[in-house]
Number of protein chains: 2
Amino acid sequence: MGDIYDSTSYQPRKSIGSLLSRVRVEMLAALDAELAADRRLAPLELSAAQFIVIASLAGDGRKSASDLCKGISYDAGAMTRMLDRLEGKGLIRRNRSPEDRRLVHLELTEEGHAAYPRMRELSLGVANRFLHGFSKAEARQLEGFLTRMLENAEEPAARASA
Amino acid sequence: MGDIYDSTSYQPRKSIGSLLSRVRVEMLAALDAELAADRRLAPLELSAAQFIVIASLAGDGRKSASDLCKGISYDAGAMTRMLDRLEGKGLIRRNRSPEDRRLVHLELTEEGHAAYPRMRELSLGVANRFLHGFSKAEARQLEGFLTRMLENAEEPAARASA
DNA sequence: TGACAATATCAGCCTAGGCAATTAATATGC
DNA sequence: GCATATTAATTGCCTAGGCTGATATTGTCA
């Protein structure tokens with residue numbers, strides 16, 4: 001249960017952090033390419049980031065902008081502008097909440113709902129491609145590892161291994 | 001060996017891609033925080049991205065800018081500017097190659113070499129913190145999973161699962 | 001050798017996220 | 001009730017990466 005990396009053998013460029021970043025870059029690039037190549041979705045010029053927002057809204061109906069930010073650790077200012085773009089494309093709608101007028105409730109438009117299944121399908125294809133050769137058990141294990149790393153992130157800098 | 005995710009159960013926000021992005025964000029933020037908090041390194045105002053470049057140069061001596069770009073899939077234009085910054089901080093040196101005058105050989109300055117061990121130490125601490133509770137076998141397994149995903153990225157869009 | 005392709009670096013423009021300050025609305029404490 | 005704190009959304013400013021084209025240098029091929 002001790003430290004995983006030690007001072008003599010640790011190679012930053014080959015560590016899990018670097019690998020993670022590179023895999024992420026490749027997955028995002030792959031999804032962007034799919035979104036740009038799809039005949040139906042190409043005109044919308046969607047990015048992977050925008051897909052995540054739409055997927056969040058497609059999941060459980062009505063959310064506020066700040067809910068989204070918390071959910072995907074995204075800057076609030078950047079979120080405002082992303083919502084501007086998605087609204088401009090006619091994929092989402094903003095509604096001031098009557099109960100709490102600070103809030104803006106977000107929902108997919110009909111067009112957003114119509115486009116989502118295809119987006120989800122492309123995303124699924126990319127995920128499966130990157131997991132090619134994995135058994136289902138391995139994939140679940142990987143999910144578990146990443147989840148545990150996220151939980152470890154919560155702990156406020158426990159000053160491990162000075 | 002079939003697909004990992006299927007159309008009925010796939011939840012984009014909870015898939016490996018999303019998890020990966022979130023873990024990466026947290027790790028980068030943690031490293032940025034460490035770099036900013038360290039008494040010795042704080043004046044250098046280093047970012048996690050800059051650390052990766054320095055780590056690459058600290059590894060095996062002399063590389064060119066394009067070598068770096070290929071190694072970490074980074075834009076060439078962005079690399080030029082990052083090297084400008086690192087040169088401005090006195091951490092690296094540029095040398096036009098005499099053999100091939102298109103190339104710029106890069107190397108750490110004395111100050112760069114002096115600062116690197118501490119940077120590496122902080123990075124190691126962050127990595128170990130995120131892997132808290134992992135056995136060494138699990139960590140190796142995770143490295144293997146990510147490496148396999150990277151290899152899967154190579155295949156030019158095999159049109160899996162249309 | 002000479003035309004043309006390829007490569008490395010760099011500079012300009014665009015996009016987009018992070019941060020700080022602002023505004024509006026609500027919650028809290030006295 | 002009123003002053004203060006808190007929260008949500010927004011805006012402006014800054015930074016930094018991605019893309020395109022320009023320039024210099026080298027490789028290729030006839």
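The model described here is a predicted one. Both chains take part in the surface near DNA strand D: α3 (65-72) and α4 of chain A, together with α4 of chain B, each supply at least two of its residues. Sorted by class, this surface has 9 nonpolar, 6 polar and 7 charged residues.

DNA strand C is surrounded by 21 residues, and the closest are A:D75, A:G77, B:S64, B:S66 and B:G77. The elements that give two or more residues to this surface are α4 (76-88) of chain A, and α3 (65-72) and α4 (76-88) of chain B. The surface near DNA strand C has 9 nonpolar, 6 polar and 6 charged residues.

### How the two protein chains meet

The protein chains also touch one another: 55 residues of chain B are in contact with 55 residues of chain A. On the side of chain B that touches chain A, at least two residues come from each of α1 (16-37), α2 (48-59), α5 (110-130) and α6 (136-154) of chain B. The residues of that side divide into 28 nonpolar, 16 polar and 11 charged.

How are two copies of a chain related in general? They are related by a rotation about an axis and a shift along it. The same surface serves both copies, as 100% of the contact residues of chain B recur in chain A.

### The strands

Strands of a sheet pair through backbone hydrogen bonds, either parallel or antiparallel. In chain A, strand β1 (residues 63-64) and strand β3 (residues 104-108) pair in the antiparallel sense over 2 bridges. Here A:K63 stands opposite A:L106 in β3(A). Strand β2 (residues 92-96) of chain A also runs antiparallel to β3(A), and 5 bridges join the two. The bridge partner of A:N95 in β3(A) is A:H105.

In chain B, an open sheet of 3 strands has the order β1-β3-β2, with antiparallel pairing. Its edge strands are β1 (63-64) and β2 (92-96) of chain B, each of which pairs on one side only. The pairing of β2(B) with strand β3 (residues 104-108) of chain B is antiparallel and extends over 5 bridges. Within it, B:N95 has B:H105 in β3(B) as its bridge partner. A helix accompanies these strands: α2(B) lies across β1, β2 and β3 of chain B and runs at about 90° to β3(B).

### Selected residues

The table lists four residues with their surroundings.

| Residue | Other C-beta atoms within 10 Å | Class |
|---|---|---|
| A:A58 | 19 | partly exposed |
| A:Q141 | 16 | partly exposed |
| A:S73 | 12 | exposed |
| B:E45 | 11 | exposed |

A:A58 lies in helix α2 (residues 48-59) of chain A. A residue is buried if 20 or more other C-beta atoms lie within 10 Å of its own; A:A58, with 19, is therefore partly exposed. Leaving aside its neighbours within four places in sequence, A:A58 is in contact with A:L108 and A:Y116. A:A58 and A:E107 are 49 residues apart in sequence, and their C-alpha atoms are 7.9 Å apart in space.

A:Q141 is found in helix α6 (residues 136-154) of chain A. The C-alpha atoms of A:Q141 and A:A127 are separated by 15 Å, and these residues are 14 residues apart along the chain.

The remaining two residues concern the backbone. Most residues other than glycine have a negative phi. Which value does phi of A:S73 take? It is near 40°, a positive value in a residue other than glycine. A:S73 lies in the loop between α3 and α4 of chain A. Phi of B:E45 is also positive, near 50°, in a residue other than glycine. The place of B:E45 is in the loop between α1 and α2 of chain B. An exposed residue has 12 or fewer other C-beta atoms within 10 Å; A:S73, with 12, is therefore exposed, and B:E45, with 11, counts as exposed as well.

Definitions and conventions:
Residues numbered from 1 in each chain as written. Chains lettered and ligands numbered in written order. Predicted model: local features only at pLDDT ≥ 70, side-chain atom pairs only at ≥ 80, totals over all residues. Contact = placed C-beta atoms within 7 Å. Helix = DSSP H or I, 4+ residues; strand = E, 2+ residues; numbered from the N terminus. Nonpolar A, V, L, I, M, F, W, Y, C, P; charged D, E, K, R; others polar. Near = placed C-beta within 6 Å. Pairing = 2+ DSSP bridges. Axes fitted to C-alpha atoms, helices over the stretch in contact; angles between N-to-C directions.
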